[in-house]
Every structure is written in C-alpha cells, then in structure tokens.
Amino acid sequence: MAIFRASFICLLIVAMASVAQASTLENVKKDGFLKAGTHIENPGFSALDSNGKRVGFDVDFIRAVAAAVNVPEIKYTPLTSKERLPALQSGEIDLLSRTTTHTMSRDVKLGLDFTVTTLYDGQGMMVRKELGVTDAKDLDGATVCLQTGSTTELNISDYFRKHGMSFTPVVFDKQPDVRKAYDTGRCDVHTTDVSGLAAQRSLMEKPEEHIILSEVISKEPLGPVVRHGDNQWSDIVRWTIWLTMAAEEKGVNQANVEEMYAKSKDPEVQRMLGKTGSLWTDLGLDKGAPVRIIKTVGNYGEIFDRNLGPKTPLRMERGLNKQWNEGGLVYAPPFR
Amino acid sequence: MSERLAPQDKVPFWRSPQGRAWMFQLCMVGGFLWLAVSMYRNTLVNLKTRGISSGFGFLANEAGFRIGEVTGIPLPQGGLLWFLLSLVAGLAISQLIARQLKSDSGTPMNSKWLSVSLFFSIGLPMLTLYVFRDSIEIAHYTESSSYFMALLTGLGNTLKVTVIGCVASTILGLLIALGRLSPNWLLSNICRWYVELNRNLPVLLQLFFWYFIVLQQLPNVRKSIDLGGWLILNKRGLFLPSLVPQQGAWLFCATIVVALVAIWVLRRRAIRILDETGMPVKILFPALGFLIGLPALAWLVGGQPFTLDFPVLKGFNFKGGTGLTPEFTALVVGLTVYVSAFNAEIIRSGIEAVSKGQREAARALAMNERQVMRIVILPQAMRIIVPPMTSEYLAIAKNSSLAVAIGYPEFVSVGGTILNQSGQAVEIVGIWMGVYLCISLLISFGMNIYNSKVALVER
Amino acid sequence: MSEYTPSQNIPDRQPPATSVGIIGWVCKNLLCPWYNAVLTIVSCWAIWSAVAPFWEWAVTNASISLDPEVAKQHTGAAWGFIRDMWPVFMTGVYPAEERWRPLIALCIVVVLVSLSLVASYRRSRWLKILWFVSPIVVFALVYGGGITGLPVVGTHYWGGLMLTIMLSIVAMLAAFPISVLLALGRTSDMPIAKPFCVAYIELIRGVPLITLLFMASVVLPLFLPAGMELDKVLRALVGITMFFSAYLAENIRGGLQGISKGQYEAADALGMSYWKKTIVVILPQALRIVIPPMVNNFIGILKDTSLVGIVGLVDLLQIAFATTSNPKWFGRLEEAYVFIAFWYWILCYALSSYSQYLERKMPSASK
C-alpha cells in the first residue's frame with residue numbers, strides 16, 4: 001500500500017513542479033492544439049461527416065479560434081450537456097462551443113465568461129399535426145420529451161406553471177433518445193431550441209407530419225463560452241467571432257479574402273484584415289490571423305448557410321440572425 | 001555454522017516484524033494525510049479561482065423543474081415519528097421476550113407468548129398508525145419544492161425499483177433454475193441459453209433494448225389495448241383503476257391483518273397437533289372463513305371501504321387511476337431479466353450442491369417431489385445461495401442508477417439535473433456516494449441477519 | 001424349484017423400443033410423463049414466438065444493399081448499414097487512413113495469444129518477454145508519436161470496440177497490483193492498514209460505477225493542482241480501476257484464505273520474511289485458485305465499460321447512437337444493437353467458457 005501511495009505522491013510532486021501558471025493563449029500555443037468542448041452528436045451544430053471529421057456550426061467557431069491562434073490541431077472533447085460546464089471550469093477544455101445559453105446564473109455563479117452570441121434562438125415546441133394543436137396553451141396534460149441538463153427543463157416548467165397547466169416530463173440524457181422517444185409516440189411534445197427542433201425534425205421518419213408551434217417560450221442566446229478570469233483569451237474568442245460577422249457585412253468571404261486584403265480601399269476592411277494598424281498584434285495574435293480565420297471558415301453568413309441554412313437538411317431561415325442592417329441582431333462592433 | 005551469532009537479547013525495534021509493520025503504517029497514514037490535505041487545498045483553490053461556491057446550502061433552493069414520476073414522501077413529523085417509535089419499541093420488546101424465554105426454558109415460545117409478542121411487533125404499530133392517522137403528512141414534490149425534496153423523490157423512485165427488482169429477479173431466477181434442472185431437455189436448454197444470453201450482455205444495452213425496441217412496439221394512445229377500462233395498455237404505459245380509500249378503509253385493512261394473524265395461529269396449532277398426535281387437521285375452511293368473513297363484516301359495518309377510480313382518456317393522456325410508466329417498466333424488466341440470469345445460476349448451483357443422498361433419503365421417507373424440494377433441499381441450498389444473492393441484490397440497487405439513460409427519474413438522474421443547474425459537482429457526487437453506500441449497507445445488513453437465520457447451526 | 005445352470009441362461013431381452021435409441025431419448029427427455037410433453041409444447045411455442053419474428057426481420061425481409069434507399073424498401077433489417085459502418089464500430093472516429101495501426105496491434109495480440117495456447121511455446125522465456133513488451137508496442141502503435149515517427153492520434157479519437165477492449169484490459173492490469181495490496185492489507189493484522197483497506201473495499205463496493213465515473217470526470221479535476229490535468233480516457237480509467245480493484249481484492253482475499261495455514265507456518269519455519277513468504281509461497285498458490293473468478297471479473301469490466309458513454313466517451317455502445325444520427329442511415333438502431341450485442345456476447349461468452357474450463361481443470365482448488 002505504502003509503496004503505491006509513495007510512488008503516486010512522487011508522481012504528483014513531479015507533476016506539480018512541472019506545471020507553472022500561464023495564460024490560456026500561451027498554454028494553447030505551447031501544446032500546439034486547442035482543447036475545445038462540443039456536442040457528441042447534433043446535426044448541423046457538431047456531427048461527424050462520413051469521413052469521421054467533425055463539422056457543424058459550433059465546430060466552425062472552434063476552427064476559427066484555432067486559426068486565430070494559429071495552432072494546427074484541435075482536440076475535440078464530446079460532452080453531454082451535464083458535463084460541459086464542469087469540463088470548462090476544470091480546465092479540461094479552453095473553449096466550449098456547444099449551443100450553450102447565456103444566462104445570468106451561469107455567468108455570475110459558475111465562473112464562466114460568455115463571449116458573443118452566435119445564434120439567437122428560443123425554445124419552441126414540436127407536435128404532431130394530427131393532434132390538431134395550433135396554440136401552445138392547448139397543451140394542458142401533455143407528455144413532454146426533453147433533454148436533461150439544460151435550461152429547457154426550467155423553461156418548460158415555468159411556462160406550464162405560468163399558464164396553470166400540467167404536464168408529464170420524460171427526461172433523457174441525449175438528444176437522439178429524446179427524438180426517438182417522441183418519434184415513436186411516447187410523448188406528445190418535443191421541446192428544445194427552435195434550431196434544434198428544426199434539426200430534429202429533419203431527422204424524423206416523416207418530417208412533414210410534425211409542426212413547430214409558433215410560440216417561442218424563451219430567449220436562448222447561444223454562443224461559445226470561456227473560463228472567467230483570462231480576459232485576453234475571451235477577447236480573442238470575441239473578436240474572432242466578430243470578425244466573421246463584420247466580414248459578412250463588408251462582403252469579405254472565404255473566396256475573396258486575399259483579394260480584399262490586397263485591393264480593398266475601405267480603411268475599416270484594411271484594419272479588420274490586419275493590413276494596417278496593430279489591432280491584432282495588440283490582441284496578442286499575429287498580423288496574418290484575420291485572413292487565416294476567414295480562409296478557414298468563411299464569414300458568418302457562409303458558416304450559417306453551410307451548416308444550418310435552407311440548403312441543408314435543417315432548412316433554417318436566418319430570422320433574428322440576419323445582419324443588423326437587414327433587420328437582424330448580428331452586429332459586430334467597429335474595428336478601429 | 002559454528003560462527004553462528006549468539007542470540008541477542010532483543011531485536012532492535014526497527015528490525016522486528018512489528019516495528020516494520022508500524023513504520024509501514026505510519027508512512028501510509030502520513031502519505032494519506034498529505035494526499036488528503038493537498039487535495040483539500042487544491043479543491044479550495046480551484047473552487048475559488050472558478051468562482052464556485054461550496055456547501056450544502058443550495059439544497060434549500062427552489063428546484064423549479066418537474067419530475068415525471070413522483071412518489072409521496074411522508075414528512076418526518078407528528079404521527080410518522082410515533083409510528084416509527086412504536087415499531088422499533090414493539091420489535092425490541094418482542095425480541096426481548098423471545099430471548100428471555102429461550103434462555104429460561106431453552107425451547108421456542110408457546111402460542112400464548114407468541115400472541116403477546118405478535119401484538120407488540122405488529123399490533124402496537126398498527127394501532128399507533130390508526131390513532132395518529134390524521135397527523136401523518138405526505139408531501140408530493142412540485143416545481144416549487146426544494147432541491148432536497150427533489151433528491152428525496154428521486155431516492156424514493158430508486159428504492160421502488162430496487163425492492164420490486166429484488167423480489168421479481170428472485171422469483172424469475174428460481175423459475176429459470178428449476179427449468180434448467182428439469183428433465184425436459186428442451187426446457188433446460190432454453191433456460192441455459194436464457195442465462196448465457198443475458199449474463200453476457202451489458203445491462204445498459206439490455207435497458208436500451210427493452211425501452212427503445214420492445215416497449216415502442218405498443219400501440220399509440222388512441223389505439224390502446226383496452227380491457228373494459230380495467231386494463232389499458234399503450235406506449236404511455238399500463239393504466240389500471242386505483243383504489244380510493246373511504247371511511248371504512250381503516251377498519252377493512254385492520255380486519256384483513258387480524259384474519260391473516262388468525263390463519264397463521266391456526267396453522268401453527270394444526271402443525272402442533274400433527275406433531276403430537278399424528279392427526280392432520282384441515283384448516284382450509286376455517287382459514288377461508290376468517291379471510292372472507294371478517295372483511296365482509298367490516299364492509300357491512302363500515303360501509304364500502306374503497307371506490308374505484310378508472311383511468312379515462314382526457315385530452316392527450318389517460319387521467320386518473322394508477323399505472324406503470326414505460327420507463328419504470330423497462331428499468332424493472334431490464335434489471336430483473338439481467339439479474340435473474342445470475343440468480344438462476346446461484347440457485348442452481350446451490351441446489352446441485354445439496355448431496356444426492358439427501359434427496360434419496362427424503363424420497364425413501366415417502367416424501368413427494370414438492371416436499372423434498374421444500375423441506376429438505378431448499379433449506380440446505382439456502383445456506384449456499386444467500387451470501388452470493390446478497391451481492392446480486394446490491395447489484396440491482398446500484399444498477400438502477402443506469403435509469404439515467406432511459407429517462408426514469410431516479411436518484412442519479414435527478415441529482416444530475418441538480419448538478420447541472422447548481423454546478424455543485426462535489427456536493428452532488430458526495431451525496432450520491434453517501435446515499436448508495438447507506439442503501440448497500442442496509443441491504444447487506446438485512447441479508448446478514450437472514451443469513452444467520454438460515455446458516456447451519458453447529459452444535 | 002428349478003436348478004440354476006449356465007446352459008439355462010435366458011438370453012437378454014432387448015429393452016423396449018420406447019427406452020432406447022432416438023425414440024427412447026425423445027420419450028425420456030421430451031414427452032413422458034404427460035407434463036413433460038406439456039412443457040415441451042410450451043417451450044416450442046416460446047422458441048417459435050421469439051425466433052420467428054426475429055428471423056423474419058433479420059433474414060427474410062432484410063436487405064444487404066449499401067444504398068439506404070434500397071434498404072428503405074425492405075421492412076426488415078438493413079445490414080448494409082453494418083457493412084458500410086463497421087470500421088466506425090471497430091475504431092470510432094480514429095482517422096480512416098490510420099486504421100491499419102489498430103489492426104496491426106490486434107494482430108500482435110492475436111498472435112501472442114495463439115502462441116501461448118501452444119503448450120510447447122508456453123514456457124519459453126521469449127514469449128514472456130514478448131508479453132511484457134507487447135503493451136508498450138501496442139500503445140506506441142495506436143497512439144503514435146515519439147520514436148515511432150507515426151502521426152499522433154490522441155485518445156479523443158479512440159472509440160468503438162477498440163476503446164472498449166483497451167479500457168478493460170488496461171483497467172484490469174492497473175487494478176491487479178492495487179487489489180493484491182488491498183487483499184494483503186485486509187487479511188493482515190496491521191491495526192491501521194487493515195481498517196483502511198476494509199473501508200476502501202466496502203466503500204467502493206457500495207456505490208454504483210456510474211457515480212465513480214462522474215466523480216472521476218467531474219470532481220477529480222478539482223482535486224488536482226491548478227494547471228495539471230488528466231486525459232478524459234485516463235480519468236474514466238481511474239474510475240474503472242478504482243471500482244474493479246475493490247472487487248478483485250475480494251476475490252484475491254478469497255484465494256488467500258483458501259491457502260491452508262500449514263503453508264504460512266512452513267514458510268515462517270523456514271525463516272522467510274513477510275514479503276518473501278507472500279511472493280514466493282502464498283501468492284502463487286492463491287492467484288492460481290482465483291484465476292476463474294478473475295476471468296469473471298474481467299467479463300464484468302468488459303460489460304461495465306459500456307457505462308463510459310454516460311461520461312461522454314464513445315465506446316462500442318455509444319457508436320450505436322453516433323452512427324444512427326447520421327442522416328444516411330438514420331434510425332437504424334435495431335441493427336446497431338444487434339451488431340453490438342453480437343460482439344459483446346462473443347467476447348463475454350468465450351471468456352466465461354474459458355473460466356469454466358479452468359474451473360473444471362482444477363476441481364480440488366476451486367472447492
């Protein structure tokens with residue numbers, strides 16, 4: 001026993017001695033990879049394509065940050081919704097991009113820092129058409145399938161409580177289980193974020209038999225999260241995302257970014273892409289970072305269209321996620 | 001050889017085995033303490049840098065989420081306390097009586113003392129329950145209850161599954177074991193492959209199979225299998241009418257208990273007469289008379305004890321009545337089937353371990369097959385069966401935590417929701433481990449008592 | 001009274017036709033007496049009602065086309081899904097172009113095992129050395145990097161059957177020394193070490209594996225000094241190892257108690273020190289007795305690694321969900337389960353048959 005303990009303690013001492021406090025950016029650069037948490041499987045947001053590569057809306061922002069700090073590899077940690085926050089708190093990952101809702105309690109109590117909202121979403125409900133339900137207020141007594149470990153559970157409870165209705169929840173750990181249970185008729189209602197519902201509906205046996213009710217029962221601003229306390233790191237994540245948004249506004253995209261870098265006369269585009277000024281070096285990155293980001297993932301519009309847009313199985317409209325000058329909420333602060 | 005050292009008066013302490021053992025242990029304790037202290041300090045530092053508050057204060061906060069299956073929890077106040085007190089006191093008194101009598105005369109108690117101790121162990125608690133029935137409060141979890149209440153509800157669900165799973169898996173295991181021992185080749189092979197199939201597949205896979213594949217084959221709500229409203233079966237579960245207690249319910253239940261006690265006394269008397277005189281006494285009719293007559297009398301005196309509440313299709317679901325949800329069913333069936341395979345093997349090897357001579361001797365005494373099994377084989381097999389069965393019961397309690405994967409709101413599942421909402425990981429994991437440890441210890445304790453009853457009494 | 005003489009010996013009569021040959025067997029085992037026949041009929045019905053729908057689904061109505069559209073026209077199983085996806089079931093998200101590496105690792109292990117089965121090689125020293133070197137080689141091959149010159153494939157890419165088997169083997173290897181120490185501690189009479197070992201064993205045996213896994217994945221990082229972290233697979237491994245060392249320790253304790261007292265006393269009489277006595281005399285005998293329960297323990301580990309999916313690793317069972325969310329083969333959960341069950345069952349059944357074989361081989365020791 002003692003021998004085992006002693007060797008374990010020695011190991012611990014060695015480990016402690018070799019570890020020194022460093023900023024997240026330095027650690028990531030030293031490791032040569034970015035540790036990021038994401039979905040295990042959520043079509044459109046983070047899923048494996050047929051080559052076993054991770055693709056999706058959430059994944060693209062991770063790739064953008066990796067491009068910003070110029071590390072070749074990303075170490076994805078697939079997380080359930082229950083694990084995602086502890087994983088970030090414990091330092092297992094440095095960036096969480098897993099449709100995480102920005103709420104006050106998470107922000108102030110759990111030692112987290114929410115960066116930029118990448119998707120304005122809201123919790124909705126999906127029912128079978130044959131039930132003839134058009135209004136969420138007709139759902140008194142319904143059975144509701146939902147995923148545990150998310151704000152979904154509280155929102156739906158609050159909604160039914162507010163309207164004096166009752167319901168029976170059936171709670172699962174993983175989204176595919178929820179879908180399967182709803183699709184086979186265990187529940188009347190499937191509830192999650194509207195974007196998620198669209199994704200789930202696209203995967204049902206007969207998607208046309210289900211409708212998403214117009215009632216949205218919550219605000220769900222989703223976006224990447226970092227640990228509280230390292231402002232440089234959270235700034236890097238923020239400005240990387242804002243860059244993709246601003247790029248769309250300015251007409252910079254994956255294909256033309258090098259051309260724009262060389263030829264654009266717009267001083268803001270020049271500053272944004274790092275041709276003039278020292279914005280990106282002040283952030284702690286190199287001058288090539290912005291071009292690299294756009295070359296890797298494209299602008300916000302391209303990311304959206306590639307993963308969630310009308311041409312994907314999810315068939316989502318931009319809605320609130322249009323640029324601010326087109327009536328949406330996507331609004332990057334100025335690059336100057 | 002000749003140069004052998006003269007025996008020393010004393011081996012130095014550090015070279016004696018005891019001395020080494022002590023140093024060894026001191027090192028161990030030192031290392032352990034160091035590890036514990038450094039872990040504690042690391043945790044404090046980590047929690048602080050991550051801005052997580054610690055402590056169990058969060059348990060009093062409002063939960064805000066809903067739980068699909070709510071078990072009523074009697075509040076620890078008023079009548080419940082009196083009931084528990086009288087139960088403990090009654091059991092203690094009857095144990096004392098039994099021990100006293102045994103040490104006095106060395107024989108088991110006679111029927112007079114038996115009825116006295118019966119009164120103390122059963123009658124007294126029942127009486128207390130009756131007297132204090134109005135001051136027992138049963139709380140039901142709602143969204144506005146605390147996290148603590150949510151955990152209790154989850155614990156209640158866990159216990160429900162555990163108890164039912166233990167009983168069902170024992171019965172099923174016994175049947176499978178008997179099937180394997182049967183001379184019928186086909187049956188014994190079916191049972192053999194049942195065992196081989198079930199014990200070689202992970203229980204989680206089996207739970208998924210029952211929940212997502214078997215139970216989903218049931219019809220939809222609107223196409224339910226309906227037996228005149230008495231039994232309704234669909235994807236949402238099994239619905240049955242429930243009993244609603246009326247005024248006379250207490251009296252009715254009490255008379256049933258009295259009747260059962262009376263039958264038990266009758267049976268003992270019949271056995272005693274058989275032992276003493278060899279005359280068999282028929283007790284079937286008097287027994288039936290007690291069992292039917294007394295409650296019937298109570299019905300006449302106190303009025304109808306229960307009314308039936310039938311489940312009715314209202315809106316989306318069947319309302320009223322009672323029933324089983326698919327999650328609960330899948331969990332219980334999955335665990336039962338999995339553990340019954342192990343139980344069957346334990347029971348079979350226990351029965352096979354009883355020597356052949358015992359069976360032949362019993363047959364030579366003109367006992368029939370059933371008597372051989374019941375009187376000769378099973379009591380001896382029990383000694384071998386009980387200790388390994390204990391660990392299977394523990395396995396049911398522990399594996400019920402897998403319900404988290406199929407949507408049954410038991411202890412770990414509810415705890416997981418709270419963990420996510422409050423972020424109190426250390427506390428929740430601590431509560432989980434502590435509670436399961438208590439459940440395990442309770443089961444072990446109970447089974448140890450039972451084991452000491454069936455174990456061979458060596459004289 | 002006739003006198004007995006050998007010449008008057010009546011020739012043996014044939015036994016009645018109903019008690020010999022096929023008819024006799026059928027009668028004895030299936031039909032007589034009447035309730036046996038009833039049992040046979042009920043059993044036949046049970047087999048039919050279980051097997052017929054399965055057969056219909058798995059064979060009659062099944063399709064093996066790689067095209068999901070063709071598969072949709074069949075009501076039965078779409079085995080094309082398995083044909084298409086089986087490398088993913090085996091290795092998870094391990095990069096496709098590197099899949100040859102786990103394959104070679106598997107070949108190494110298979111060759112070693114089959115060499116060990118040949119009696120003449122079993123005692124050779126070379127084989128023992130190879131066994132000791134093989135884990136390092138396998139790890140280097142699968143993980144890459146270092147002197148191998150292969151690209152590193154981090155543990156977050158490991159999955160499927162490969163992860164399941166690796167987790168169980170490594171957990172078993174790691175749990176073994178710990179459990180020997182725990183068992184020795186529990187059977188010793190050291191006043192501090194003994195209760196410590198008892199407390200550890202009983203605590204671990206009293207809680208579900210899933211809480212230990214949650215602890216390892218959520219709480220363990222909090223215990224470590226800031227900046228130090230463990231790999232996710234490694235953490236799951238810590239949980240599984242902790243869990244099984246307690247169970248293994250109880251089995252080994254059984255073996256230790258099965259050694260007759262004379263062996264201890266004889267070793268003491270020879271003046272052996274505690275460690276020498278334990279290592280040279282006691283453990284070799286005790287461990288031999290407990291090999292069958294240890295194999296059963298390993299089966300337990302193999303089955304219980306399926307729980308690591310709950311803490312977010314993608315083992316064989318979780319691959320079912322990962323592959324069936326793929327739009328191409330969406331919702332083919334039944335096929336995935338059958339395929340996974342097949343693998344678990346083959347592995348566990350083979351192992352348990354092996355443990356029963358060992359138990360039969362040493363009847364005196366197991367009783």
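Here is a short chat about a predicted model.

Colleague: Hi! What should I know about the numbering and the model before I look?
Modeller: Residues count from 1 along each chain as its sequence is written, and chains are lettered from A and ligands numbered from 1 in the order in which they are written. The model is predicted, so local features need pLDDT of at least 70 and side-chain atom pairs count only at pLDDT 80 or more, while totals for chains, interfaces and linings use all residues.

Colleague: Great. Which domains does chain A have?
Modeller: Chain A is split into domain 1 (22–120 + 222–326) and domain 2 (123–218); the bounds come from an automatic or database domain assignment.

Colleague: And how many residues of each are in contact?
Modeller: In chain A, 16 residues of domain 1 touch 15 of domain 2, where contact puts the C-beta atoms, placed from the backbone, within 7 Å.

Colleague: Switching to chain B, what order do the strands of the open sheet take?
Modeller: The order is β3-β4-β5-β10, with antiparallel pairing. Strands are DSSP runs (E, at least two residues), numbered from the N terminus, and they pair if DSSP finds at least two bridges between them.

Colleague: Why do β3 and β10 have one side without a neighbour?
Modeller: In chain B, β3 (225–227) and β10 (322–324) are at the edges, each with a single partner strand, so one side of each has no neighbour in the sheet.

Colleague: How many bridges join β4 and β5 there?
Modeller: Strand β4 (residues 231–234) and strand β5 (residues 237–240) of chain B pair over 3 bridges. B:N234 sits opposite B:G237 in β5(B).

Notes:
Contact = placed C-beta atoms within 7 Å. Helix = DSSP H or I, 4+ residues; strand = E, 2+ residues; numbered from the N terminus.
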